[in-house]
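User: I have just opened this one and could use a quick tour. Can you walk me through it?

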Amino acid sequence: MAEVEPAPARPAANTPAMPARGHATVPDFDPTQPCTLRRFFQDIETLFEHCNIVNDQPRKQWVVRYMPIDVVDLCETLSTFAPEESYKNFRTEIKLLYPG
């Protein structure tokens, strides 16, 4: 499946943009250590608040943008990745895949 680019974050005058993939401040998830998923979501949700990303679909797109590529492929096949599904449901479904 082709990678879907997240909608560009259009920051207000003093609102920072989301960091580019690979930047030192990007949240990190290691699928071989499922316990890192909780921290990943805490960190990315802090970025969402800081960068004023409030809509569900852009949030889901940023999550998959920062995930390892093999996890991206899995996440994009989840039914909750669909535009009509909520970010909260998407996050919950991912957490069920990586208990820890």
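**A tour of the fold**

Analyst: Start with Phe40. Its relative accessibility is 0%, so Phe40 counts as buried. Keep in mind that this is a predicted model.

User: And Phe41, buried or exposed?

Analyst: Phe41 is buried, with a relative accessible area of 2%.

User: How do the rings of Phe40 and Phe41 sit?

Analyst: Their centres are 5.3 Å apart and their planes are at 80°, so the pair is edge-to-face. The cut-off for edge-to-face is over 60 degrees.

User: How many aromatic pairs are there?

Analyst: The count comes to six aromatic pairs. One of them joins Phe29 and Tyr98. That pair is edge-to-face, with 5.1 Å centre to centre and 80° between the planes.

User: Where do Phe29 and Tyr98 lie in the chain?

Analyst: Phe29 is in the segment before H1, and Tyr98 is in the segment after helix H4 (87-97). Phe29 and Tyr98 are both buried.

User: Which residues do ring pairs link into a cluster?

Analyst: Phe29, Phe40, Phe41 and Tyr98.

User: Let's zoom out. How many helices and strands does the protein chain have?

Analyst: Four helices and zero strands. From the N terminus on, the order is α-α-α-α.

User: What share of the protein chain is buried?

Analyst: Buried residues make up 41% of its 100 residues.

User: Now the helices. At what angle do H1 and H2 pack?

Analyst: Helix H1 covers residues 36-51 and helix H2 covers residues 56-66. They pack at about 130°, with their axes 11 Å apart. That makes H1 oblique to H2. Their crossing is right-handed.

User: Which residues meet there?

Analyst: From H1, Phe40, Phe41, Ile44, Leu47 and Phe48. From H2, Arg59, Trp62, Val63 and Tyr66. By class, this contact has eight nonpolar, no polar and one charged residues.

User: How many residues of H2 are buried?

Analyst: Ten of the eleven, so H2 is largely enclosed by the rest of the structure. Among them are Gln57, Pro58, Lys60 and Gln61. Trp62 and Tyr66 are also on the buried list.

User: What do those buried residues pack against?

Analyst: The buried residues of H2 pack against H1, helix H3 (69-75) and H4.

User: And how do H1 and H4 cross?

Analyst: Their axes come within 11 Å and cross at roughly 160°. H1 and H4 are therefore roughly antiparallel to each other. The cut-off for that label is over 145 degrees. This crossing is right-handed.

User: Which residues make the contact between H1 and H4?

Analyst: On H1, Leu37, Phe41, Ile44, Glu45 and Phe48. On H4, Tyr87, Arg91, Ile94 and Lys95. They divide into six nonpolar, no polar and three charged.

User: Tell me about Leu37. Which helix is Leu37 in?

Analyst: Leu37 lies in helix H1. Its relative accessibility is 2%, so Leu37 counts as buried.

User: What is Leu37 in contact with?

Analyst: Leave aside its neighbours within four places in sequence. Leu37 is then in contact with Phe29, Met67, Ile94, Lys95 and Tyr98.

User: How far apart are Leu37 and Gly100?

Analyst: They are 63 residues apart in sequence. In space they are 8.2 Å apart, C-alpha to C-alpha.

User: Last one. Where is Asn55?

Analyst: Asn55 is in the loop between H1 and H2.

User: Is Asn55 buried or exposed?

Analyst: Asn55 counts as exposed, because its relative accessibility is 51% and the cut-off for exposed is over 50%.

User: And how far is Asn55 from Tyr87?

Analyst: Asn55 and Tyr87 are 32 residues apart in sequence. Their C-alpha atoms are 8.3 Å apart in space.

Key: Residues are numbered from 1 along each chain as its sequence is written. This is a predicted model: local features need pLDDT of at least 70, side-chain atom pairs count only at pLDDT 80 or more; totals for chains, interfaces and linings use all residues. Side-chain values use heavy atoms; hydrogens and water are left out. Axes are lines fitted to C-alpha atoms, for helices over the stretch in contact, and angles run from 0 to 180 degrees between N-to-C directions. Helices (H or I, at least four residues) and strands (E, at least two) are DSSP runs, numbered from the N terminus. Angles under 35 degrees count as roughly parallel, over 145 as roughly antiparallel, 65 to 115 as roughly perpendicular and the rest as oblique. A crossing is left-handed if the near helix is turned anticlockwise from the far one by less than a right angle, and right-handed if clockwise. Contact means heavy atoms within 4.5 Å. Ala, Val, Leu, Ile, Met, Phe, Trp, Tyr, Cys and Pro count as nonpolar, Asp, Glu, Lys and Arg as charged, and the others, Gly among them, as polar. Rings of Phe, Tyr and Trp (its six-membered ring) pair if their centres lie within 6.5 Å; planes under 30 degrees apart count as stacked, over 60 as edge-to-face and the rest as tilted. Buried means under 20% relative accessible area, exposed over 50%, partly exposed in between (1.4 Å probe, protein chains only).
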